[in-house]
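User: Could you walk me through how to read a few features of a model? I would like the general idea and then the case at hand.

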Amino acid sequence: MEQKISKINKKLQKKLDKERYEHTIGVMYTASALAMCHNANVEQALLAGLLHDCAKCIPNDKKIKLCRKYRLEVSDVERSNPSLLHAKLGAYLARKKYHVEDYEVLCAIKSHTTGKPAMTLLEKIIYIADYIEPGRGELPNMPEVRRLAFHNIDECLYRMLEDTLKYLKNRKLPIDEMTEKTYHYYKTTQGEQED
Ligand code: DGI
Ligand code: FE
Ligand code: FE
């Protein structure tokens, strides 16, 4: 596994700018720490963390072209905000270019930007690690969100989603249906469900 990670790491580094690569390494190790804390599979967390933003540095017009080429659906919100596509395109490229066949890992990459209702533990870990990794600039309530990540994962999701929606609304950015659905799901179920 270590060899596999190191091979992917080298290939991926060429596709990301310096800042994105450093963020990626932060997400990979944060995801592995969360996996240790919540009894999830550490190798899956490392792999999903490493590849979660593999499509991030592709120019936006090319993201749309690649989605067309690979027959990945593009919604209206995604068309007006193509950066959102790096999650589903990333999952596709993880399989096609980095030869990852682990379905759970691919799902965690796919849902890492908007989240989704009833996430698996690995999906939650990647969604959270992306937000809290040490290199992330200061976001509202970060110390509390970071603490919750290791103590109450569903409450952590709720708080993150609440802050993300506030941020998007303040900036009048189009909100993906899935982000909204995820927020409502974790607002009503936080604390009630376990994996
Ligand atoms: O790729 P990263 O920057 O590491 O992180 P990410 O994949 O979570 O993407 C971050 C951005 O995605 C962040 O600025 C919030 C934004 N985002 C999440 N949900 C939505 C959204 N942006 C829009 N326009 N609509 C959404 O529903
Ligand atoms: Fe991302
Ligand atoms: Fe990221």
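This is a predicted model: local features need pLDDT of at least 70, side-chain atom pairs count only at pLDDT 80 or more; totals for chains, interfaces and linings use all residues.

User: Let's begin with the helices. How are H9 and H10 arranged, and at what angle do their axes cross?

Analyst: Two packed helices are described by the distance between their axes and the angle between them. Here, helix H9 covers residues 142-151 and helix H10 covers residues 153-170; their axes come within 6 Å and cross at roughly 150 degrees. Angles over 145 degrees count as roughly antiparallel, and H9 and H10 are therefore roughly antiparallel to each other.

User: Which residues make the contact between H9 and H10?

Analyst: From H9 come Glu144, Val145, Leu148, Ala149 and His151, and from H10 come Ile153, Glu155, Cys156, Arg159 and Met160.

User: On to the metal site. What are the protein donors of the iron ion (ligand 3)?

Analyst: For a metal, start with the donor atoms and then see where they sit in the chain. The iron ion (ligand 3) has His23 (NE2), His52 (NE2), Asp53 (OD) and Asp130 (OD) as its protein donors, lying 2.2 Å from it. Along the sequence these donor residues follow the spacing H-x28-H-D-x76-D. Aspartate 53 also bridges to the iron ion (ligand 2), and the two ions lie 3.5 Å apart.

User: Which parts of the chain does the pair of aspartate 53 and aspartate 130 tie together?

Analyst: Aspartate 53 is in the loop between helix H3 (42-51) and helix H4 (60-69), while aspartate 130 is in helix H8 (residues 121-132), so the pair ties together parts that are 77 residues apart in sequence. Both aspartate 53 and aspartate 130 are buried.

User: Now helix H11. Is threonine 182 buried or exposed?

Analyst: Relative accessibility is the value to read, and buried means under 20%. Threonine 182, which lies in helix H11 (residues 177-189), has 0% relative accessibility and therefore counts as buried. Leaving aside neighbours within four places in sequence, threonine 182 is in contact with Thr114, Gly115, Lys116, Pro117, Met119 and Leu161. The C-alpha atoms of threonine 182 and proline 117 are separated by 4.7 Å, although the two are 65 residues apart along the chain. A polar atom of the threonine 182 side chain also lies 2.5 Å from the backbone oxygen of methionine 178.

User: And what is threonine 179 in contact with?

Analyst: Threonine 179 is also placed in helix H11 and counts as buried, at 5% relative accessibility. Beyond its neighbours within four places in sequence, threonine 179 is in contact with Thr114, Leu161 and Leu165.

Conventions:
Residues are numbered from 1 along each chain as its sequence is written. Chains are lettered from A and ligands numbered from 1 in the order in which they are written. Side-chain values use heavy atoms; hydrogens and water are left out. Axes are lines fitted to C-alpha atoms, for helices over the stretch in contact, and angles run from 0 to 180 degrees between N-to-C directions. Helices (H or I, at least four residues) and strands (E, at least two) are DSSP runs, numbered from the N terminus. Angles under 35 degrees count as roughly parallel, over 145 as roughly antiparallel, 65 to 115 as roughly perpendicular and the rest as oblique. Contact means heavy atoms within 4.5 Å. Donors are N, O and S atoms within 2.8 Å of the metal (3.2 Å for Na, K and Ca); water is not among the atoms, so sites may look incomplete. Buried means under 20% relative accessible area, exposed over 50%, partly exposed in between (1.4 Å probe, protein chains only). A polar contact is a pair of N or O atoms within 3.5 Å; within protein, one must be able to donate a hydrogen and the other to accept it, and residues adjacent in sequence count only if both atoms are side-chain atoms.
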